[in-house]
Amino acid sequence: MPTAGPSLPTARTIQVDTRGAMILDEESPETRDSRGIYFPNYIEPVSHIAVDIGGSLAKVIYFTRSTNPPSSPSQIATRGSSPSDVFTPLSSSPPKDSPLSSPPPSARLNGHPKGALTPAVLEHCNSHGGYLDVPNHRHDSTTSRTDVDYLHDSLLRRASVQHFPGGSLNFERFETEHIDECVAFIRTLIERSAAINGVALEEMRRGVKVIATGGGAHRFYAQLGAELQVEVHREDEMACLIEGLKFITLIPDEVYYFSDELIHSVSHPNQHQLERPSPDPPKYAVSFVQHPVPQLPCLLVNIGSGVSIVKVDEDGSYERVSGTSLGGGTLWGLLSLLTPATTFDEMLALSEEGDNETVDMLVGDIYGSDYSKLGLKSTMIASTFGKVFKKQGGKRGTFSPEDISKSLLYAISNNIGQIAYMNAEKYNLDRIYFGGYFIRGHAATISTLSYAIRFWSKGTKRALFLRHEGFLGAVGAWIKNIGEEEEEEGER
């Protein structure tokens, strides 16, 4: 008798109030893909921190209460007349003190306060105010400066545990090989939250739990529990990825795509004629999907250290249908061997200055011109690194780190784009979302993936991207537990 296969999860109702949600301004270039999201109408306390620990990066998400957004909503341009004006917010390279080589986490948390956690347990203070009461040590009718300050702080703490609307979802990331920094950041967040809420650290720990997903949720499970001294739950990586996609697509100005003109201007800076008909979006524009709703069915291409390609059905059920080992880890590893760059952002910065034509063999190098019969332009890459083995004057040529970086970025991106297209065609899916930290809001990567989808589909399919592309798993772990906590409250 055949055994029954695993049951597929059904779509869940997302219970966070996303009305009026806004993506906040970036604090600096390196936060362009980890900007906070402000929810003006969400009122419930959140007592958990989500962490997605992958092979290369660990991503952390936590919610803090605030009645006003920390800064104005982000205003990335959606219209323009030149490519440089439009995609700069997405393609600008971070400085060398990027999140992959950033200051100690405790300094970042204290240097850039983002509020405090407000676990539900803090709502059970006694009716007299508990630890929020003003101290009774005045000796006369004159209110001292100390008492006024204490009253102000107390009122702020009292407000933080009431059902006042508004709060921000915050995003952080760390290299997995430096997981101790990630754990230290979470520990500092919990300790700081206890101090701001005016409660004992042990009480705070009882009201907070860490939701871990990704491969590292198993590898570092014991370390998280022992060092943080809080409850740690593990969630399935793929389920969190899909939940994260369904939720994040509800956020206005989250999903975007490059117009055909912009794709071409980045991929072929020396050409001016499009190779395929344009569906007529705004020229040279980063265009945002209007009226955000969960767009199912779809194909999700998650590019981390490796690549997973997931088919998501209309009811939210999913299946991993393909993938490849040639992903972000491949690019990072090869460029670590071949260039002086030490971080992924440095490698992307090198690629921006490179010219792959000095390294790659093009169609024109073989035929001398276009191969029109097969629809191949002379500038199309025929062989990645195809010029490296050729000798000039009996000597092997030398190649710059910038050119090598551009060539490998194109090679990995083109390969992923073609595999994604073939799976979208196989399963008759028009919406193709690209996520994962390989993308990093980098214009050349986005244009290469977009061009591959547009070229192979003859303009019938479009590549869609996410401004929080690397946080889907962490967002999914966070949102799944929003529902669980509300269910637990209802059972009490």
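**Close-up views of a predicted protein chain**

**Figure 1. Overall make-up of the chain.** Of the 492 residues of the protein chain, 51% count as buried, meaning under 20% relative accessible area with a 1.4 Å probe, protein chains only. This is a predicted model in which local features need pLDDT of at least 70 and side-chain atom pairs count only at pLDDT 80 or more, while totals for chains, interfaces and linings use all residues. Residues are numbered from 1 along each chain as its sequence is written, and side-chain values use heavy atoms, with hydrogens and water left out. The protein chain holds 15 helices and 18 strands, taken as DSSP runs (helices H or I, at least four residues; strands E, at least two) and numbered from the N terminus.

**Figure 2. The open, mixed sheet.** An open sheet is formed by 7 strands in the order β9-β8-β18-β17-β10-β11-β12, with mixed pairing; two strands pair if DSSP finds at least two bridges between them. Because β9 (286-288) and β12 (318-324) each have a single partner strand, one side of each is left without a neighbour in the sheet.

**Figure 3. Pairing of β8 with β18.** Strand β8 (residues 255-258) pairs with strand β18 (residues 462-466) in the antiparallel sense over 2 bridges. Val255 stands opposite Leu466 in β18.

**Figure 4. Helices on the sheet.** Helix α14 (residues 443-456) packs on the sheet and touches β8, β10, β17 and β18, contact being heavy atoms within 4.5 Å. The direction of α14 makes about 150° with that of β18; axes are lines fitted to C-alpha atoms, for helices over the stretch in contact, and angles run from 0 to 180 degrees between N-to-C directions. Helix α13 (residues 401-426) lies across β10 (298-303), β11 (307-312), β12 and β17 (431-435), at about 155° to β10.

How values were computed: Buried < 20%, exposed > 50% of the residue type's maximum accessible area, 1.4 Å probe, protein only.
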